[in-house]
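Trainee: Please take one part of this model and go through it closely. I would like a single connected account of the contacts there and of how exposed the residues are.

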Amino acid sequence: DGIIKEIIVFAEKDAIVAEIYPDDQLTAGMTAEEISAQLSNIVDRVNSMLKTDRQIHTFRMRENPFPRTSTGKIKRTEFYF
């Protein structure tokens, strides 16, 4: 949605967490606070469509793209606890 380039959603300590990498081209010239505010609005909008137990509890904004495998897939193993 909008400024999100990549996102991974996973469980951490009984909560649903989203790690988001914003699109550099769409966020050029924006401050980290402006980007975070837009991401927060997107998460709130998504959460409003989900049951409480499936809502994103918190999100983290990444500064770098997700690490990838040799075939170009996101290495998800680092997000499993």
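Mentor: Glutamate 19 counts as buried because its relative accessibility is 10%, under the 20% limit used for that class. The model is a predicted one. Glutamate 19 sits in strand 2, which covers residues 15-22.

Two arginines meet the side chain of glutamate 19. One is arginine 62, whose side chain makes a polar contact of 2.6 Å with that of glutamate 19. The other is arginine 60, with a side-chain polar contact at 3.5 Å.

Both pairs can also be read in terms of charge. Side chains of opposite charge can pair when their charged atoms come close. Glutamate 19 and arginine 60 form a salt bridge, with 3.5 Å between the closest N and O atoms; the cut-off for a salt bridge is 4 Å. This pair links distant parts of the chain, since glutamate 19 belongs to strand 2 and arginine 60 to strand 3, 41 residues apart.

Arginine 62 forms a salt bridge with glutamate 19 as well, and here the closest N and O atoms are 2.6 Å apart. Arginine 62 lies in the segment after strand 3 and glutamate 19 in strand 2, so this pair ties together parts separated by 43 residues in sequence. With a relative accessibility of 16%, arginine 62 counts as buried.

Arginine 60 has a further partner. Its salt bridge with glutamate 12 has the closest N and O atoms 2.4 Å apart. Arginine 60 is in strand 3 and glutamate 12 in strand 1 (residues 4-12), so the pair ties together parts that are 48 residues apart in sequence. Glutamate 12 is buried, because its relative accessible area is 19%, which falls under the 20% limit. Arginine 60 counts as partly exposed because its relative accessibility is 32%.

Methionine 49 lies in the loop between helix 2 (32-47) and strand 3 (58-61). Methionine 49 counts as exposed because its relative accessibility is 64%, whereas glutamate 19, at 10%, counts as buried.

Conventions:
Residues numbered from 1 in each chain as written. Predicted model: local features only at pLDDT ≥ 70, side-chain atom pairs only at ≥ 80, totals over all residues. Heavy atoms only, no water. Helix = DSSP H or I, 4+ residues; strand = E, 2+ residues; numbered from the N terminus. Buried < 20%, exposed > 50% of the residue type's maximum accessible area, 1.4 Å probe, protein only. Polar contact = N/O pair within 3.5 Å; in protein donor to acceptor, adjacent residues only side chain to side chain. Salt bridge = Lys/Arg side-chain N within 4 Å of Asp/Glu carboxyl O.
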